[in-house]
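Could you go through the points below with the model open beside you? They are meant as a colleague's reading notes.

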Amino acid sequence: MEAQALEHERRLGETHGEKALEHAIAAADLYMQAAGQTKIPEDRKRFRRKFADLIALGERLKANAKAASSASRPAVPESTRILTTAEKTAILEASRLHGNVFPPWERVPAPESFSDVNSPTYTDPSPFSLSPEQLDIFAGWLRPAELPGFKDESAEGDLEQLMTANAETDLAQDLATDCSVVASLCAATRYLGSTKGSLLGSLIYPFDHERIRPAISKTGKYVFRMYFNGSWRHVAIDDRLPASKTDRTLYVVDRRNPRLLWPALIEKAYLKIRGGYDFPGSNSGTDLHALTGWIPEQIFLQSDEIELDETWSRIKKAYDDGNAILTLGTGNILPEEEEALGLVREHDYAVMGLKKEDDSRLLLIKNPWVDSLVWTGLGSTATLKAHTVGSSDGASNQFWMAIEDVLQHFDSLYVNWNPALFAYRQDHHFKWKMCDKTERAGLHAQPAIQCALSLRQSHLGAAQPSLAGRRARDPAPTQSRKGPRRLFLSNRLQAARASWLSRSTPHHTPEHPRSPLPDTARRIHPNHYVDSPNTLLRYTPTPNTPQTLVITQTELPLPTYSFTLSFLSHHPLTITPSPPRLPHSTTLTSAWTRRTAGGSAVDPPTTPTHNTPSPCRNPRTCTSPSAPPIATYPSAPSTRRGLRGRPQHSRLDPGTYAVVLSTFEPGQLAPYTLRVEAAVPVVLAPVPADGAGRLRRPLPVVALGIGRLRAGVVPERLTRLAVHVRSAPGVGRGGGGSGGESSGGGGGGSAVRVSLEVGTGAHRAVLAVSREGEFADAAMGLRTAEVDVENGEALARRGGLWVVLEQIGGGGGGGDGGSGGVQVEVLSDGVVQVGGWENADED
């Protein structure tokens, strides 16, 4: 019986509308029967939980179909996927915001909650913040009948007229700071009026479906259905509005219908979830997504990738078909340019119409301000008729602008798409724990979802959008007064993007594993980083080819976020979490320091690698108990050149291995994280750095270009020692200073050899020499082998112990600053005395 129920659940995800409802009911019935027959308490509890989930889904599907039928418009797709307990918990946890609780939407409120005149008048206890400018003229919270702007003696108290527009709406913003919200309402008025297909009937309660307008609540309570934090939510307010001591208004007004109430109520409900009338800033695409549930897309008009003709054709068709709401956002216009252009910086505008006249493609743009600037046409790149500049149709805050000028003067075009364009939807909710900043270059810590479309190519329709939405927190992350800017690698605190990756080639791994690091060869459809709560990726998938969607971020400030991924498509999709490449992994976080960032002598600067052998690195060991496939890769902040590794995959025999991490050049300091993935558990531990456990005695830094030098070494007892040489910053001829720790420096083209010798002249004996006597670049670090030496008296009888430094090639390095130098250190397990440098050319 459970198998039959599971089959109906599977078919539920492949159908929509009435068919989906039939499968939900059938599966629920089977789970209820199974719960009654099983003798196992755990199974009975599980079956009943499944039954409750499917009944709730069935109710949503019926309510969705009923709402669409009442409004005479196509039904929007409903996610038919049964959520896990963790997902339900995440949605419930996201209900609390600004001290208020906004529970997930379950059902239409009962009519009695709005019509019972015997009930006390509803007063919402929630606080609404006001800005200092607003507080200066604030006169209290008043009901509509008490507000001067809504009083009409001739109406004889008929409050129903407060919900009726007697003329075309002309919404405007006065002292409110929510330009994006008012611009959103202006742009959406064509879908919110008392006409067939109006969205208001499914957004505001109570509602009069016969007259296609909101109804007056006798109790003063209004309930709104808004989409935010991953689900439709219940937002309740009262009908009190902030009154003003002056003729300025603190809420949105309709200049042609001054007594129209519902726009101010919608504004108040949305501002409740944003904290109050002292609006923290947003963008109209985000606002419209919450107000209508329509899918937000941000088009970056200043991007070099924008295709103007394709963009115009796409938005023009969708707008004419009633499937798109359009708004615009300006960037940081200079103050002196605002007046000359008639445009406001960091401001949102509504698009009220599109048309083509002769060769001109025009947008009718509205500034939502009451006393608004309008575009002057200065610097227009298009050939326009006189009426395309300035006011339009008697509205002082509207103007026509050619699409070419829109690209020149606006930063973003926000398009909110009608979700009814798609038949199928899947919502996936998850918590995203931010990784250490050294791991952000990798993809292993980013959410990755596999998507497969099982169709023939001929069945493909339009692009499939994937919407990633970050949930607001309490307190909500701060945003600027204006919404997002065009970002690639963002320096803002809130940025995320989505990218499609092609299917990877398995290498002793589960089928279609996720990629550990960004791979441009496999990236098939990336989008921009944005600092909005939502980002949209439009993509046409390849049938029968699983592909991976990866969400990445930069500088999100909090340790954990809740996200929702919504997939909308014309045909069923199979969505699953992307499996890891190998089942076991371990990480180690450390840093390249001045002693260990010695650069790489093997790879050229344009091809960094993680496994270049070099005695100056900070190696790590990986112990493997069997012979598994293994993958290693380092990651570091990608903003520093040369500090991102390439994943290396190999099949290793059991044993201990050294993993060496190199920077491109000496002196590149940064933290990093080394991650090792394997088919079996591995142990990752640091290898002690060069000289660990040894006493260090630095000699004065030597400038390049000086031929052969020597310095005496006097051990106090039998001692084991070695000599280490590395590049030092530029110094003048003759060196000087102890050198201490260096951040690296130029090598000047000089090759160096260092040795430990006993005696001088023809009788000297070489105890140890670097690189088997070969000259080499000191930038990579040179070291002699360790040797045991006698105490000072014994060595003195043989001519003394000397550190000998020889150089060939390179510049003279004269003058202050020179062309760099070398730092020599004696590493020993006992106390030694070292002298200064002296010329040894006579040797």
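Predicted model: local features only at pLDDT ≥ 70, side-chain atom pairs only at ≥ 80, totals over all residues.

1. Residues are numbered from 1 along each chain as its sequence is written, and side-chain values use heavy atoms, with hydrogens and water left out.

2. An open sheet is formed by 3 strands in the order 5-8-9, with antiparallel pairing; strands (E, at least two residues) and helices (H or I, at least four) are DSSP runs numbered from the N terminus, and two strands pair if DSSP finds at least two bridges between them. Strand 5 (204–205) and strand 9 (231–238) each have a single partner strand and stand at the edges, so one side of each is left without a neighbour in the sheet. Between strand 8 (residues 221–228) and strand 9 the antiparallel pairing runs over 8 bridges, and Lys 221 has Asp 238 in strand 9 as its bridge partner.

3. Helix 8 (residues 262–273) packs on this sheet, touching strand 8 and strand 9, and its direction makes about 115 degrees with that of strand 9. Helix 9 (residues 284–292) also lies across strand 8 and strand 9, running at about 125 degrees to strand 8. Contact here means heavy atoms within 4.5 Å; axes are lines fitted to C-alpha atoms, for helices over the stretch in contact, and angles run from 0 to 180 degrees between N-to-C directions.

4. In helix 4 (residues 85–93), Glu 87, Ala 90 and Ile 91 are buried, where buried means under 20% relative accessible area, exposed over 50% and partly exposed in between (1.4 Å probe, protein chains only). Seen down the axis of helix 4, the buried residues fall within an arc of 100 degrees, so they line one face of the helix; the arc is that of the directions from the helix axis to the C-beta atoms. Thr 85, Ala 86 and Leu 92 are exposed on the other side of helix 4, and the cover over its buried residues includes strand 9 and strand 18.

5. Rings of Phe, Tyr and Trp (its six-membered ring) pair if their centres lie within 6.5 Å, and planes under 30 degrees apart count as stacked, over 60 as edge-to-face and the rest as tilted; by this rule there are 16 aromatic pairs. In one of them, Tyr 227 and Trp 232 have ring centres 5.4 Å apart and planes at 80 degrees, so the pair is edge-to-face, and both Tyr 227 and Trp 232 are buried. Trp 432 and Phe 563 are likewise edge-to-face, because their ring centres are 5.1 Å apart and their planes stand at 65 degrees. This pair links distant parts of the chain, with Trp 432 in strand 18 (residues 424–433) and Phe 563 in strand 25 (residues 560–569), 131 residues apart.

6. Which residues does Val 713 contact, leaving aside its neighbours within four places in sequence? They are Leu 721, Leu 801, Val 803, Val 826, Val 832, Gln 833 and Val 834. Val 713 is found in strand 36 (residues 708–715) and, at 4% relative accessibility, counts as buried. Its C-alpha atom is separated by 7.6 Å from that of Gly 800, 87 residues apart along the chain.
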